Amino acid sequence: KEYLFVLPAPPGEPEGTLTDYLYHDKRSNKTFPVAPPGEGAVPRKGVKQARLTYRTLATDGEGNTLLRVRLLTGRTHQIRAQFAARGLPLLGDGKYGSRRKLPCFALWSFRLTFAHPATGGTMTFTAPPDTGKAPWDAFGAEAYAP
């Protein structure tokens, strides 16, 4: 799975891998990074490692930054929690600390690749965002090329 998303500022590095241990609190429906198991952390059921890779695609005139992420694991609210923990909540994502109001937070499922169940061949489906709507309209169409 690959996603596009917009942050209010660029990450520290233009591309990289993020690895955290996440705990999903079902009562608040929110995910939190926690200390790795066995490193002085309070033992807690449901803590799982979360990994993703990201790459910066573009920055608009206001400093908002478009990124593409590839999930290496699939944890609840993984992208939202991992970037918010680094002080970079997705635009419009009030649950994880964004101060900017948008009709929905700036996360878009961009590409899905999987093996065909019968033939085993690779199948890829891509869906670019609606570049006529905020915040996707702030970046040129070339930013969304596969």
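Colleague: So what does D20 form with R86, and how far apart are the closest N and O atoms?

Modeller: D20 and R86 form a salt bridge, and their closest N and O atoms are 2.9 Å apart. By salt bridge I mean a side-chain nitrogen of Lys or Arg within 4 Å of a carboxyl oxygen of Asp or Glu. This pair links distant parts of the chain, 66 residues apart: D20 is in strand β2, and R86 is in the loop between α1 (78–84) and β6. Helices (H or I, at least four residues) and strands (E, at least two) are DSSP runs, numbered from the N terminus.

Colleague: And what kind of model is this?

Modeller: This is a predicted model, where local features need pLDDT of at least 70 and side-chain atom pairs count only at pLDDT 80 or more, while totals for chains, interfaces and linings use all residues. Residues are numbered from 1 along each chain as its sequence is written, and side-chain values use heavy atoms, with hydrogens and water left out.

Colleague: Back to that pair. Is D20 buried or exposed?

Modeller: D20 is buried, because its relative accessible area is 14%. Buried means under 20% relative accessible area, exposed means over 50%, and partly exposed is in between (1.4 Å probe, protein chains only). R86 has 38%, so R86 is partly exposed.

Colleague: How many salt bridges does a search of the whole structure find?

Modeller: The search finds 5. One of them joins the side chains of R68 and E2, at 4.0 Å from N to O. R68 sits in strand β5 (residues 65–71) and E2 in strand β1 (residues 2–7), so the pair ties together parts that are 66 residues apart in sequence.

Colleague: Why does R68 count as buried? And what about E2?

Modeller: R68 counts as buried because its relative accessibility is 9%. E2 is at 16%, so E2 counts as buried too.

Colleague: Which residues are linked in a network of salt bridges?

Modeller: That network links E2, R68 and R111.

Colleague: Okay, and which side chain does D93 meet in a salt bridge?

Modeller: D93 meets R80, at 2.7 Å from N to O. D93 is in the loop between α1 and β6 while R80 is in helix α1, so this bridge ties together parts 13 residues apart in sequence. D93 is buried, with a relative accessible area of 2%, and R80, at 11%, counts as buried.

Colleague: While we're on helix α1, where does F83 come in?

Modeller: F83 has its place in helix α1. At 2% relative accessibility, F83 counts as buried. The C-alpha atoms of F83 and G38 are separated by 24 Å, and these residues are 45 apart along the chain.

Colleague: New topic: how much space lies in the largest pocket?

Modeller: About 230 Å³. On a 1 Å grid over the protein atoms alone, a pocket is an open set of points where a 1.4 Å probe fits, with protein on both sides within 12 Å along at least five of seven lines; lining residues have an atom within 4 Å of a point. The volume is the space filled by probe spheres set on the points.

Colleague: And which residues lie nearest its centre?

Modeller: Y23, H24, G46, K48 and T76, out of 13 lining residues. Strand β2 (residues 15–25) gives the largest share of the lining, 4 residues. By class, the lining has 2 nonpolar, 5 polar and 6 charged residues.

Colleague: Last one: which residues form a nonpolar patch on the surface?

Modeller: L112, F114 and F125, with about 260 Å² of accessible area together. L112 lies in strand β6 (residues 107–115) and, at 36% relative accessibility, counts as partly exposed. Patch residues have over 30% relative accessible area and no salt bridge, and nonpolar side chains (Val, Leu, Ile, Met, Phe, Trp, Tyr) are joined within 5 Å, like charges within 9 Å.

Note on methods. Accessible areas come from the Shrake-Rupley method with a 1.4 Å probe; for residues, only the protein chains shown count as cover. Ala, Val, Leu, Ile, Met, Phe, Trp, Tyr, Cys and Pro count as nonpolar, Asp, Glu, Lys and Arg as charged, and the others, Gly among them, as polar.
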